[in-house]
Amino acid sequence: MEIKEKNKLDFEEIANYLHDAIFVSAGDGEVLFVNSAYTRMTGIAAEEVVGRNISDLEGSLFTNSVTLKVIKNKKAMNSIGKSLKTGNEMLVSGIPIFNEDGTIKYVVVNDRQIEELEGIKEELESAREKLAVAKKDTYKKKLEIDHLKKALASKNTMIGVSSHIESIKNEIEHIADTDVNILIIGETGVGKEVIANEVYTKSSRRDKPYIKINCAAIPDNLMESELFGHEKGSFTGAEKKKIGLLELADGGTVLLDEIGELPLNLQSKLLRVIQQKEIMRIGKNDPIKVDIRIIAATNRDLKARAEEGKFRLDLYYRLNVLPINVKPLRDRKEDIPELGDFFIDRFNKKYGKSKHFNEDAKRLLLVYDWPGNVRELENIIERLVVITMNDEIGEGDIRKVLLIGDDEKNFGSCNIKDEVEKLEIEILKRAMREHGSTRDMARVLGINQSNVVRKMRKYNLK
């Protein structure tokens, strides 16, 4: 009797520590025990049910008794029960415990509140969603790094023999392995991205993410979300959480190309990233720590724009810790032969050709001023490799592509449409060199941005 009494006390003590409700009845339906969780969930005290038959309680204290179903069917059963005292709905599971002769000795019932189960379900779904996002982000970062490694490895980066290029190469050797911010300044097409790539590949972060962001290519209304990300439901259309590009670059390097086009309202947020190493997603109150190195590039005079109130002076000084000024190609023409050989070799391999320049063509390449810089040289050579009929590319081939007339050309051979197009091309090239973005080019030229884009496509200007 002492052992039985001790076991009974142990059972009651353990049962009263359980979070779930426990309800035990005899095989004939007499209620033997309920734990404290049962009273908490249903509002029904033990003295109201213990010693009474379950059939007498059905309909007065609760509905849809699973105990009666278990006794009737002699097997485990589930149902949705409801306490008539609190109105709480519960998932009720009952199991029979049999005597040796097959009759039911006890029915043990376990209750869980529906609201709690819904909460657990939501937490589980949220955890699964976060895990899926984390896996996706990790995989995306790996793909980006692998892609960039292949892309950068396939290109011989800095081409040139001029003292200017050699000086930049030496500077990169000294600064690449530091975490100091770099500002690359130069006209459109001089190779600012190539220099940024060189810094990245020689840095200690070369096995980490490298994300390139063109500040002029992202619409202003999407810029903050793209850079910093947003929480689900933070604004109309934000149906899912979005990880921003700066957060994806954590541990690595970010190239902010055309930094002069970054809207003023986001410049203060970028300053926070640089100073405090943290970002704020749209709709999130807690800052997120990030460790990124910033390389900025511009064709603008940022200090002049700061004096005009179009760029934050404090951000300019933060970015301009180590400036690299890149000369235009017309001021370092000794690099043209090596660049020409590099590009013609690349496009011969790409298109399965065996083109080469004759001496007259090489002289013309050196005479031309290349207002579009290295990018224009690259595009022109690709076009020549594709369209010239013979393997030897001559001076005449280059003149046709560059729309340069020869000295013997007289007025009678001129076509007004051709001359207008040449003038239009020169105006577009000058605007592109001085202003960079199609948005600013449109403003200066007095036409719509769509017209600028259309004309640049027409003349294959990039």
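Residues 407-414 keep a pLDDT under 50, where pLDDT is the predictor's confidence in each residue, from 0 to 100. For this stretch the model has three contacts beyond four places in sequence, a contact being heavy atoms within 4.5 Å. Where pLDDT is low, the predicted coordinates should not be read in detail. Over the protein, the mean pLDDT is 85, and 85% of the residues reach 70 or more.

This is a predicted model, in which local features need pLDDT of at least 70 and side-chain atom pairs count only at pLDDT 80 or more, while totals for chains, interfaces and linings use all residues. Residues are numbered from 1 along each chain as its sequence is written, and side-chain values use heavy atoms, with hydrogens and water left out.

- Strands (E, at least two residues) and helices (H or I, at least four) are DSSP runs, numbered from the N terminus, and two strands pair if DSSP finds at least two bridges between them.
- Five bridges link β8 and β11 in the parallel sense, and Lys212 stands opposite Leu255 in β11.

**The six-stranded sheet**

- Another open sheet has six strands in the order β2-β1-β6-β5-β4-β3, with antiparallel pairing. Its edge strands, β2 (31-34) and β3, each pair on one side only.
- Strand β1 (residues 21-26) pairs with β2 over three bridges in the antiparallel sense, and Phe23 stands opposite Val34 in β2.
- β4 and β5 run antiparallel and are joined by six bridges; Asn78 has Ser93 in β5 as its bridge partner.
- The hairpin of β4 and β5 has five residues between the strands, and Gly87 in the turn has a positive phi of about 80 degrees.
- Nine bridges connect the antiparallel strands β5 and β6, with Pro96 standing opposite Val107 in β6.
- The hairpin of β5 and β6 also has five residues between its strands, and there Gly102 takes a positive phi near 90 degrees.

**The largest pocket**

- Rolling a probe the size of a water molecule over the atoms shows where empty space is left.
- On a 1 Å grid over the protein atoms alone, a cavity is a set of points where a 1.4 Å probe fits but cannot get out, and a pocket is an open set with protein on both sides within 12 Å along at least five of seven lines; lining residues have an atom within 4 Å of a point.
- The largest pocket has a volume of about 1100 Å³. Grid points are joined across faces, edges and corners, and a volume is the space filled by probe spheres set on the points.
- Of its 45 lining residues, Gly189, Gly191, Glu193, Asp257 and Arg375 are the closest to the centre of the pocket.
- Elements giving two or more residues to this lining include α8 (192-201), β8 (210-214) and β11 (253-257). The largest share, five residues, comes from α8.
- The pocket lining divides into 21 nonpolar, 12 polar and 12 charged residues. Here Ala, Val, Leu, Ile, Met, Phe, Trp, Tyr, Cys and Pro count as nonpolar, Asp, Glu, Lys and Arg as charged, and the others, Gly among them, as polar.

**The cavity**

- The structure holds one cavity of 30 Å³ or more, and the largest cavity has a volume of about 160 Å³.
- Of the 17 residues lining this cavity, the closest to its centre are Tyr38, Phe62, Ser65, Val92 and Asp111.
- β4 gives the most to the cavity lining, with three residues.
- By class, the cavity lining has eight nonpolar, seven polar and two charged residues.
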